[in-house]
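User: Hi! Could you walk me through this model in plain words?
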Amino acid sequence: MKLFVFYTGILIYGLYGLKASFNDRVMDENLLIAVNLSVILCLMLARLNINKAVRGSKIEVEIEKEDEHLAEMERKAYSAAIYIQVAFSLATIATLVGFILLRESQPKIVLVSFLLMAVSFFSLFPNENIIKITNPTFKMPHPKSKNYQQQYFDQFDDGEKYVMLKGLYKIYSLITWGLIILAFILMYYSVFSGNSQIMSIIGIGLLFMLVQVSFTQSLKPHKAD
Amino acid sequence: MKTRLKELRARDGLNQTELAKKAKVSRQTISLIERNEYMPSLIIAVRIAKVFQEPIEDIFIFAEEELS
């Protein structure tokens, strides 16, 4: 709850600052401040959902409503994760764009974006209390473990892995098409604006190749020992 | 495939989380099985059958055409 109040305070202060000096700043600066405030709003909503999920999981409800109540808490826990992911993505983009455009004129705004990126990055690591709501038998691997990622993945059971697989397959298709479309858009942009995006197109091409090859490589049968 | 999970849970007074703990799976997996959105692996089916002390084929019921 303390963190939620802290975020609310920063949001109100930021909104006041944005409104008070709106006309004194250029559009890029105002936009970056607005994005930073959106990141704070996402972190606030994430915290709100986490608080609700943790509090709700401690409430005792009637047996007939228990399953639906637990599913509702689980939905809140996942909503919190989604808000944190959105916050991290926005803060990362804001930091990168801000560094390109405003690093000399408004370094403070870029620094705030960077700090928000760091905060949302650390919020991405799931809290054990939240995981216990979605999976009561889940055991977090030791943070210093050499095989942390593998051990973390192994904690999910077959049902959860099945849900992940369905989601990841959709993302794989989306990324494949998204990269192709983005590369074509950049090609037309380069041709018609005279602003070369060759580096971006090469980067997208390499990423496209990596995604395709890694996926197919994972399907390829392993050699017998 | 039909399952009698919900019916057996009601019989034994277990909610999804309690069954999940006993069968060493997530609540989400129990929910998916009950909604017929996921066919459990053999190990999960055996663990669930053990919790209810019923044969697997009495919990997970296949139609004749699914087996032939």
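Analyst: Happy to! One term to begin with: buried means under 20% relative accessible area, exposed over 50%, and partly exposed in between, with a 1.4 Å probe and protein chains only. Also, this is a predicted model, where local features need pLDDT of at least 70, side-chain atom pairs count only at pLDDT 80 or more, and totals for chains, interfaces and linings use all residues. Residues are numbered from 1 along each chain as its sequence is written, chains are lettered from A and ligands numbered from 1 in the order in which they are written, and side-chain values use heavy atoms, with hydrogens and water left out.

User: What does Thr95(A) touch?
Analyst: Leaving out residues up to four places away in sequence, Thr95(A) contacts Val110(A), Ser113(A), Phe114(A) and Met117(A); a contact means heavy atoms within 4.5 Å. Its side chain also reaches the backbone nitrogen of Phe114(A) at 3.5 Å.

User: OK, zooming out. How many helices and strands does chain A have?
Analyst: Chain A has eight helices and zero strands. Buried residues make up 30% of its 225 residues.

User: What is the radius of gyration of chain A?
Analyst: Chain A has 22 Å, whereas a compact globule of 225 residues would have a value near 17 Å. The radius is taken over C-alpha atoms, and the globule rule is 2.2 Å times the number of residues to the power 0.38. The C-alpha trace of chain A spans about 60 × 55 × 35 Å along its principal axes.

User: Now chain B. What is its pattern along the sequence?
Analyst: Chain B reads β-α-α-α-α-α-β-α, which comes to six helices and two strands. The radius of gyration of chain B is 11 Å, close to the 11 Å from the globule rule for 68 residues, so chain B is as compact as a globular protein of that length.

User: How much of chain B is buried?
Analyst: Buried residues account for 47% of the 68 residues in chain B. The C-alpha atoms of chain B fill a box of roughly 35 × 20 × 20 Å along the principal axes.

Methods
Helices (H or I, at least four residues) and strands (E, at least two) are DSSP runs, numbered from the N terminus. A polar contact is a pair of N or O atoms within 3.5 Å; within protein, one must be able to donate a hydrogen and the other to accept it, and residues adjacent in sequence count only if both atoms are side-chain atoms.
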